[in-house]
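Have the structure open as you read.

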Amino acid sequence: MNHVKAVRKFVTHIVKNYIAHLLDIKIPLILGIWGGKGQGKSFQTELVFQAMGIEPVIMSAGELESERAGEPGRLIRERYRTASQVVQNQGKMSCLMINDIDAGLGRFGNTQMTVNNQIVVGTLMNLADNPTRVSVGQDWRESDFTNRIPIIFTGNDFSTIYAPLIRDGRMEKFYWQPNREDIVNIVHRMYEKDGIPKDDVVRIVDEFPNQALDFYGALRSRTYDRSISKVCYILIEIWIDEIGGVQKLGDKLLRRKKNEKLPVFTPPKQTVEALLESGYSLLKEQQLIMETRLSKEYMKNMDD
């Protein structure tokens with residue numbers, strides 16, 4: 001199972017980095033988990049964090065750019081040192097995780113590299129080479145050592161990232177491509193609180209093959225949408241009238257007193273039929289987007 005391999009790879013990477021001082025070998029600081037969109041890379045890492053009791057410090061690709069030169073590089077070093085302080089002060093394992101890194105550092109087509117891109121790449125390469133000596137601008141002190149903190153990347157296509165950063169020795173790579181059994185197990189975990197048996201999960205996965213994992217999460221969300229809509233329709237004549245009309249709805253929702261309560265929302269009981277109905281609805285939306293392609297209508301003079 002690819003899922004088991006991914007967990008082993010993740011756990012091994014974390015453990016190796018925490019005992020690196022005991023090993024007489026070069027240990028890559030970075031683990032890059034890459035694969036198709038919506039395949040559960042971040043979801044799987046969160047489960048491993050919970051199982052291992054890891055307190056991660058998380059960044060997104062959106063934090064790798066700034067209007068101020070050098071700011072993202074400094075932020076990475078600060079977050080790295082924050083993770084080190086978690087280890088030192090709380091006695092918990094920690095790591096620095098950067099989600100969708102290729103969206104922030106990847107080169108696509110004719111996109112240009114900015115000064116901040118270069119600084120971020122240089123910062124990450126320096127961390128990989130010197131993981132225990134990390135400055136955030138202060139004068140160097142011989143006694144200023146930082147705990148070695150593993151770094152985790154997730155992304156879709158690491159071939160778009162500056163090659164020296166992802167070379168062997170700095171980064172271990174793992175290609176995450178869940179098979180059918182993995183998808184069934186992960187979706188079953190998603191629906192665990194709803195009491196959906198595994199046989200019904202298999203039916204749902206088989207009914208909507210070749211879908212990303214986030215599709216199955218959207219099924220559950222869509223059933224909640226319908227339940228919330230029903231509640232709103234009931235309240236629109238009762239509750240809104242009681243608070244003085246639609247004009248005061250914003251005040252009631254945003255400026256209510258601490259002891260005032262909003263209407264109670266009861267989560268809907270999930271059924272296979274409701275999830276399948278949501279799935280068919282989502283499929284229609286996917287097909288409509290692919291068939292309509294309004295961008296062509298808006299930009300008629302542009303070549304395909």
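Ala, Val, Leu, Ile, Met, Phe, Trp, Tyr, Cys and Pro count as nonpolar, Asp, Glu, Lys and Arg as charged, and the others, Gly among them, as polar. Residues are numbered from 1 along each chain as its sequence is written, and side-chain values use heavy atoms, with hydrogens and water left out. The model is predicted: local features need pLDDT of at least 70, side-chain atom pairs count only at pLDDT 80 or more, and totals for chains, interfaces and linings use all residues.

Start with the whole chain. It holds 12 helices and 5 strands; these are DSSP runs (helices H or I, at least four residues; strands E, at least two), numbered from the N terminus. The chain has 304 residues, and 40% of them count as buried. Buried means under 20% relative accessible area, exposed over 50%, and partly exposed in between (1.4 Å probe, protein chains only). Take the contacts (heavy atoms within 4.5 Å) between residues at least 6 apart in sequence: 75% of them join residues at least 24 apart.

On a 1 Å grid over the protein atoms alone, a cavity is a set of points where a 1.4 Å probe fits but cannot get out, while a pocket is an open set with protein on both sides within 12 Å along at least five of seven lines; lining residues have an atom within 4 Å of a point. Grid points are joined across faces, edges and corners, and a volume is the space filled by probe spheres set on the points.

The second largest pocket holds about 180 Å³. Its lining includes G38, Q39, G40, K41, S42 and F43, along with D100, T154 and N156. Two elements, α2 (41-52) and α9 (213-242), each give two or more residues to this lining. α2 gives the most, with 3 residues. By class, the lining has 3 nonpolar, 6 polar and 3 charged residues.

What is the volume of the largest cavity? It is about 110 Å³. Among its lining residues are F10, I33, K41, V48 and W176. α1 (2-18), β1 (30-34) and α2 each supply two or more.

Finish at A20, in the loop between α1 and β1. A20 counts as buried because its relative accessibility is 13%. Beyond its neighbours within four places in sequence, A20 contacts I27 and R148. A20 and R148 lie 128 residues apart in sequence, yet 8.5 Å apart in space, C-alpha to C-alpha.
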